[in-house]
Amino acid sequence: MSESLQEYREPRTLDRAADSGRRPRLNERALVMVSVAGQIAHPVGRANPYRIGYDGVPRVLPATGGIVLNHRIGDPCIGLAGDHIEPGVALHNNGREVVGPRDGPNTALMTYACIGNHARVISGPCAGQAGVVTGKHGGINHVLVDFPTKVLSRLQIGDRIQIVSHGLGARLLDYPDIELLNCAPRLLWRWGIQERDGRLLVPVSHRVPSVLMGSGLGKNSTWRGDYDIQLADRGLRERYRLGSLRFGDLVAIVDADNRRGPLYRPGRVTIGVIVHGDSTVSGHGPGVTPLLTGPTARLVPHLNPRANLAAVLDIREPAPLRDYRTLIEASTTRGRTR
């Protein structure tokens, strides 16, 4: 068996005890599998290379796009010398159709891809290698895919990757007040979610107060991207241990409703996955793609340090939870900011 197939074998559950229980029922027979594809996207530069941080300092940093070789799901996403770093590979469909809007193929890729979907390289020297969808980054409109490190080092910009979309239209049959978003059935079943007294108990690595949510607010859909956790407030960041966030962490945003777009709403909770890294820009930070949203009486997050895609999908061991300073704080300590 090749290394990639070993790394992406059918995963274990996060909580093995959940194997003996009844997994949440889906409208599985009604779901449709559709193949979609994109190319590995090159980073895009702007005329001005500087990003102005919320501390007023301009910085030139790597950002979105390309192939990130040394940071994958399970790795820390705080304190990196980067801005909105996307782990693994970033996909964009550059195709144009004769019908519909010019960016229709990429919009479809963003909509159809679900976290946990299988992906496979279909062109270039790594053709046949397997990966998994780990994120959807709005604004830049990239779908993110993780591959083994040896595959990442051989992939080329422009290589085509095909995804088996499975999960669009999924519903929880016994929990009509809890909505699924961007979530592949295989992720839901392997997550370690437990049913208890009419509630779903969901493992998460962190809780996040909705007051910290920033960029991405104002959208009318949460099917095509993410919204960001602002980390400029040191007190709240330390209180909720957000300096220990990792790529792929499954997190609960408290008092947040994402049914029709991100919204502050007491008594509801949204659970999503960390898809990109921190940012120095005001209003930005680690991005969360929503997966579940519902009332707190029915959707109950509970803390588990292994609630990360790397562990849930049995890809690699996630890094231990450890608090890191943000890039701005680290720069201040070195006396580089004014």
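**Exercise 1. Find the volume and the lining of the largest cavity.**

Step 1. The largest cavity has a volume of about 90 Å³. A cavity here is a set of points, on a 1 Å grid over the protein atoms alone, where a 1.4 Å probe fits but cannot get out, while a pocket is an open set with protein on both sides within 12 Å along at least five of seven lines; lining residues have an atom within 4 Å of a point. Grid points are joined across faces, edges and corners, and the volume is the space filled by probe spheres set on those points.

Step 2. There are 15 residues in the lining of the largest cavity, and G79, L80, G82, D278 and S279 are the closest to its centre.

Step 3. Sorted by class, this lining holds 7 nonpolar, 6 polar and 2 charged residues. Ala, Val, Leu, Ile, Met, Phe, Trp, Tyr, Cys and Pro count as nonpolar, Asp, Glu, Lys and Arg as charged, and the others, Gly among them, as polar.

A word on the model before going on: it is predicted, local features need pLDDT of at least 70, and side-chain atom pairs count only at pLDDT 80 or more, whereas totals for chains, interfaces and linings use all residues. Residues are numbered from 1 along each chain as its sequence is written, and side-chain values use heavy atoms, with hydrogens and water left out.

**Exercise 2. Locate the largest pocket and say what lines it.**

Step 1. The largest pocket has a volume of about 760 Å³.

Step 2. Of its 38 lining residues, R51, A63, T64, D83 and H84 are the closest to the centre.

Step 3. Strands β4 and β14 (215-218) are the elements that give two or more residues to this lining. Helices (H or I, at least four residues) and strands (E, at least two) are DSSP runs, numbered from the N terminus.

Step 4. The lining of the largest pocket is made up of 16 nonpolar, 16 polar and 6 charged residues.

**Exercise 3. Find the salt-bridge partner of D83, then look at other salt bridges.**

Step 1. Side chains of opposite charge can pair when their charged atoms come close. The rule used here asks for a side-chain nitrogen of Lys or Arg within 4 Å of a carboxyl oxygen of Asp or Glu, and the count comes to 16 salt bridges.

Step 2. D83 pairs with R51, with the closest N and O atoms 3.0 Å apart.

Step 3. D83 has a relative accessible area of 0% and is buried. Buried means under 20% relative accessible area, exposed over 50%, and partly exposed in between (1.4 Å probe, protein chains only).

Step 4. D257 and R259 also form a salt bridge, at 2.7 Å from N to O. D257 is buried at 3% relative accessibility, whereas R259 is partly exposed at 30%.

Step 5. In the salt bridge of E317 and R306, N and O are 2.5 Å apart. E317 is exposed, at 55%, and R306 is partly exposed, at 29%.

Step 6. R234, R237, E238 and E329 are linked in a network of salt bridges.

**Exercise 4. Which residues have the most contacts inside the largest nonpolar core?**

Step 1. A nonpolar core is a set of buried Ala, Val, Leu, Ile, Met, Phe, Trp, Tyr and Cys residues joined through side-chain atoms within 4.5 Å.

Step 2. The largest has 55 residues, and I163 and L292 have the most contacts inside it. Strand β17 (residues 263-276) gives the most to this core, with 4 residues.

Step 3. Beyond its neighbours within four places in sequence, L292 is in contact (heavy atoms within 4.5 Å) with residues including L172, W191, V269 and L299.
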